[in-house]
Amino acid sequence: MRGGLLALLIAFGGCRSKPAPAGEGRSEVTQRSFEREDERAQMISRQLETRGIDDPRVLAAMLAVPRHRFMPADVADRAYEDRPQPIGHDVTISQPYIVALMTQLAQVEAGETVLEVGTGSGYQAAVLAELGATVFTIERIGALARRAEATLRELGYTKVEVRHGDGYAGWVERAPFDAILLTAAPPSVPEALTDQLAVGGRLVAPVGRDRGWQQLVVIERSREGLVRERVLDVSFVPMLPGTTPE
Ligand code: SAH
């Protein structure tokens, strides 16, 4: 196993820091769940730190959120594998690394207001809430929005508000946002969303017309305008217009 881990370290350019020990650096946002915490600690050391996730707050949030609780019973066993998992309705919960990477790129601070487009299971929203942010999250599929809301409530995430709606319009009443995360891929970044970004705010999104691969981009709003940076190729479900009850 050592050899395998070493190969991973070499492949991804080195480990940045040790996993946060259980119970350290945690916020008071939720009633703690220690269920399957060993698996999360392993996920952090093998999947996240080896690939450059080095913000201790992000690592602590990934340790704190019980990912398996956001997944349907038939795939919950596989919650900590290094891959996305189906959550029904032709939708997937992102791979842990991608959730951590997008969270790290968004540079969310406690007390900030964050918009997520594509609630899905509610997992990414919970990770953002662990950082002390107030999270507004939009999901176009009614059944998923309802389930995510129930899961978040059950786990005690009181600073996350779920809306069943079309993320293309953003959430005007709650704008501007310090960070915006899109977890579904639009063909290009909707102007309605960059318009809702605060000065100094960051939007992190997979963007592209290709149904297979898109580019993960970070767009920052400075006083002068928008600055865009490409990060890497990713694969997300498409961001579709309109809403559906199921
Ligand atoms: N962040 C989720 C993963 C989401 S998968 C998690 O942590 O589990 C992407 C989600 O985006 C899907 O649930 C899909 O239904 C939703 N989606 C796609 N287009 C959308 C739109 N226009 N508005 C809101 N949600 C959308």
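Guide: We start with Gln 196, which counts as buried because its relative accessibility is 7%; buried means under 20% relative accessible area, exposed over 50%, and partly exposed in between, with a 1.4 Å probe and protein chains only. This is a predicted model, in which local features need pLDDT of at least 70 and side-chain atom pairs count only at pLDDT 80 or more, while totals for chains, interfaces and linings use all residues. Residues are numbered from 1 along each chain as its sequence is written, and side-chain values use heavy atoms, with hydrogens and water left out.

Visitor: Where is Gln 196 found?
Guide: Gln 196 sits in the loop between helix 8 (191-194) and strand 7 (197-207). Helices (H or I, at least four residues) and strands (E, at least two) are DSSP runs, numbered from the N terminus.

Visitor: Is Gln 215 buried or partly exposed?
Guide: Gln 215 is partly exposed, because its relative accessible area is 26%. Gln 215 belongs to strand 8 (residues 214-221), and its side chain makes a polar contact with that of Arg 230 at 3.1 Å.

Visitor: How do I read a nonpolar core?
Guide: In soluble globular proteins, nonpolar side chains tend to be buried together. A nonpolar core is a set of buried Ala, Val, Leu, Ile, Met, Phe, Trp, Tyr and Cys residues joined through side-chain atoms within 4.5 Å. The largest one has 52 residues, and those with the most contacts inside it are Met 62, Phe 70, Tyr 123 and Tyr 157. Helix 5 gives the most to this core, with seven residues. Among the residues that Phe 70 touches are Ile 93, Tyr 123, Leu 152 and Tyr 157.

Visitor: What covers the buried residues of helix 7?
Guide: The cover includes helix 6 (123-130), strand 4 (134-139) and strand 5 (160-164). The buried residues of helix 7 are Gly 142, Ala 143, Leu 144, Ala 145, Ala 148, Thr 151 and Leu 152. After helix 7 comes Gly 156, with a positive phi near 85°.

Visitor: And the ligand: which residues come nearest?
Guide: Of the 27 residues around the ligand, Glu 116, Ser 121, Glu 139, Gly 167 and Leu 240 come nearest; a residue is near if one of its heavy atoms lies within 4 Å. A polar side-chain atom of Glu 116 lies 2.9 Å from a ligand nitrogen atom, while a ligand oxygen atom is 2.6 Å from an N or O atom in the side chain of Ser 121.

Key:
Contact means heavy atoms within 4.5 Å. A polar contact is a pair of N or O atoms within 3.5 Å; within protein, one must be able to donate a hydrogen and the other to accept it, and residues adjacent in sequence count only if both atoms are side-chain atoms. Lists of a residue's contacts leave out its neighbours within four places in sequence.
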